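User: Hi! Could you walk me through this model and its charged side chains?
Analyst: Happy to, let's bring it up.
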Amino acid sequence: MKDITITAKATLFSTMSELPLADKELMQRAVKARKNAYAPYSKFSVGAALLLENGNIVIGNNQENAAYPSGMCAERVAIWQAGALFPGVKILKIAISASSSITLVDKPVGPCGACRQTLSEYEINQQQPFEVIFMGEVGEVIKTTSLLSLLPFSFDKSYL
Ligand code: THU
């Protein structure tokens with residue numbers, strides 16, 4: 001028996017304006033997408049923007065439903081749109097921003113577990129890590145160099 005340690009490396013920026021230009025521009029697209037979220041039930045809006053290797057930016061936002069579980073997160077709306085529009089084109093980065101009309105979201109909001117799992121499929125298939133950059137509405141921004149670093153011991157097709 002031995003203990004093992006799993007670590008994740010991330011970079012913390014004190015505000016969005018500290019981000020490198022390309023990341024800031026992508027985050028601005030996520031913020032814009034967030035403002036068009038359909039979140040009448042949770043009042044919690046999320047926007048995501050993906051930068052693809054071909055230069056295209058694909059956005060998504062959360063889409064809720066009166067039948068609550070039928071709604072969908074911003075990250076999955078975005079990545080499935082990228083898969084539909086640009087199949088096989090590599091993803092370089094995803095930026096995510098979240099806000100609430102009830103409270104000020106001033107901490108970085110990472111993708112939920114189901115979104116991490118969904119995003120991991122694409123990172124594995126493209127055999128190249130993509131950056132994940134996330135924030136709330138204001139305040140600190142976290143940037144990681146790979147999706148899988150956020151999902152240790154994850155499930156993938158090698159088990160099937
Ligand atoms: N949500 C996202 O869009 N992404 C996440 O990673 C976490 C949660 C959405 C789903 C729901 O519409 C609202 O935020 C509250 O959970």
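User: Is K143 buried or exposed?
Analyst: K143 counts as buried because its relative accessibility is 13%. Buried means under 20% relative accessible area, exposed over 50% and partly exposed in between, with a 1.4 Å probe and protein chains only. One caution: this is a predicted model, where local features need pLDDT of at least 70 and side-chain atom pairs count only at pLDDT 80 or more, while totals for chains, interfaces and linings use all residues. Residues are numbered from 1 along each chain as its sequence is written, and side-chain values use heavy atoms, leaving out hydrogens and water.
User: Which residue meets K143 in a salt bridge?
Analyst: That's D23, at 2.6 Å from N to O. A salt bridge here is a side-chain nitrogen of Lys or Arg within 4 Å of a carboxyl oxygen of Asp or Glu. K143 sits in strand β6 (residues 141–144) and D23 in helix α1, 120 residues apart. Helices (H or I, at least four residues) and strands (E, at least two) are DSSP runs, numbered from the N terminus.
User: And what about D23, buried or exposed?
Analyst: D23 is at 0% relative accessibility, so D23 counts as buried.
User: Switching to K93, which residue does E131 pair with there, and how far apart are the atoms?
Analyst: E131 forms a salt bridge with K93, with the closest N and O atoms 2.8 Å apart. E131 is in strand β5 (residues 131–135) and K93 in strand β4, so this pair ties together parts 38 residues apart in sequence. K93 also bridges to D23, the closest N and O atoms being 2.6 Å apart.
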